[in-house]
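Please examine the sequence and the structure shown here before reading on.

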Amino acid sequence: MRIHKLLSDQGVASRRGAERLIEEGRVTVNGRPAVIGQDVNPARDIVHIDGERVAFVKKAARYYILLNKPRGYVTTLSDELGRRCVAELLSDLPARVYPIGRLDKDSEGLLLLTNDGEFANMMMHPRHNVSKSYRVTVRPDLSDEQAAKLAEGVEIDGRMTLPAQVRVVTKEPGRVVMVITIKEGRNRQIRKMCEAVGLEVARLKRISVGPLKLGMLQPGKWRYLQLNEIIMLRNAASGAKTVHVRRQER
């Protein structure tokens with residue numbers, strides 16, 4: 001098994017996180033620096049991270065979590081600046097899980113976390129085109145021209161965004177609420193898209209990922225995904241049809 005997948009499957013880090021550990025030279029296999037893509041046999045090979053041996057188990061328990069991230073929390077498991085982290089909201093979870101993608105400190109809403117590296121990669125990789133919808137409050141107003149530009153694509157960080165879906169929910173003097181659906185996951189993408197057309201984002205909340213909706217889950221609360229929800233997310237990533245299921249909130 002490839003080493004980054006093995007470490008991910010064991011819940012040591014996400015697949016990308018495992019690759020970073022390897023690139024930084026912190027992983028060894030049988031006393032030699034590991035390389036990305038290296039095959040490892042957990043029954044025969046000895047793996048260390050930062051000098052500490054990794055104790056492999058036959059199959060790590062898989063956890064799939066939906067968290068309603070509140071504003072003011074960073075999407076990391078620890079923070080050198082002492083800011084509040086989403087890990088603090090999962091202190092009663094019996095395993096270490098990792099965020100799938102990010103929501104910036106001032107954003108809120110649906111955040112998926114897991115220790116299943118393959119599932120995380122499926123949700124994040126651009127080729128799978130898993131949609132994400134955001135409820136966005138902007139100031140001062142939204143013109144038809146601005147809405148059209150957001151939908152067609154704007155240039156941020158030197159590249160054009162893919163076409164998006166834009167739906168106006170409410171429109172009041174000095175304030176507009178809309179839902180924007182994208183199939184990318186670039187850094188602070190929604191905020192940068194709005195800024196590119198002259199809009200100030202007052203509030204940003206992710207309300208769905210693929211067919212999975214945030215629902216009535218309260219800020220700061222989390223729940224386990226049901227099996228049918230995991231299946232429909234995988235189906236969304238593979239282009240298969242999905243089914244809607246009832247959800248129990250924590």
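The sections below cover the basis of the model, a sheet, a cavity and one threonine.

## Basis of the model

The model is predicted: local features need pLDDT of at least 70, side-chain atom pairs count only at pLDDT 80 or more, and totals for chains, interfaces and linings use all residues. Residues are numbered from 1 along each chain as its sequence is written, and side-chain values use heavy atoms, leaving out hydrogens and water.

Strand β1 (residues 27-29) is joined to β3 (residues 47-49) by three bridges. Within this pairing, T28 has H48 as its bridge partner in β3.

## The cavity

There is one cavity of 30 Å³ or more. A cavity is a set of points, on a 1 Å grid over the protein atoms alone, where a 1.4 Å probe fits but cannot get out; lining residues have an atom within 4 Å of a point. The lining of the largest cavity includes Y98, P99, T114 and D116, and β6 and α3 (117-124) each supply at least two of its residues.

## Residue T76

T76 lies in the loop between β5 (64-69) and β6 (98-99). Beyond residues up to four places away in sequence, T76 touches C85, V86, A87 and R102, where contact means heavy atoms within 4.5 Å. The T76 side chain also reaches the backbone oxygen of S78 at 3.0 Å.

Terms used:
Helix = DSSP H or I, 4+ residues; strand = E, 2+ residues; numbered from the N terminus. Polar contact = N/O pair within 3.5 Å; in protein donor to acceptor, adjacent residues only side chain to side chain. 1 Å grid on protein atoms, 1.4 Å probe; cavity = no way out; pocket = protein on both sides within 12 Å on 5 of 7 lines; lining within 4 Å. Points joined across faces, edges and corners; volume = space filled by probe spheres on them. Pairing = 2+ DSSP bridges.
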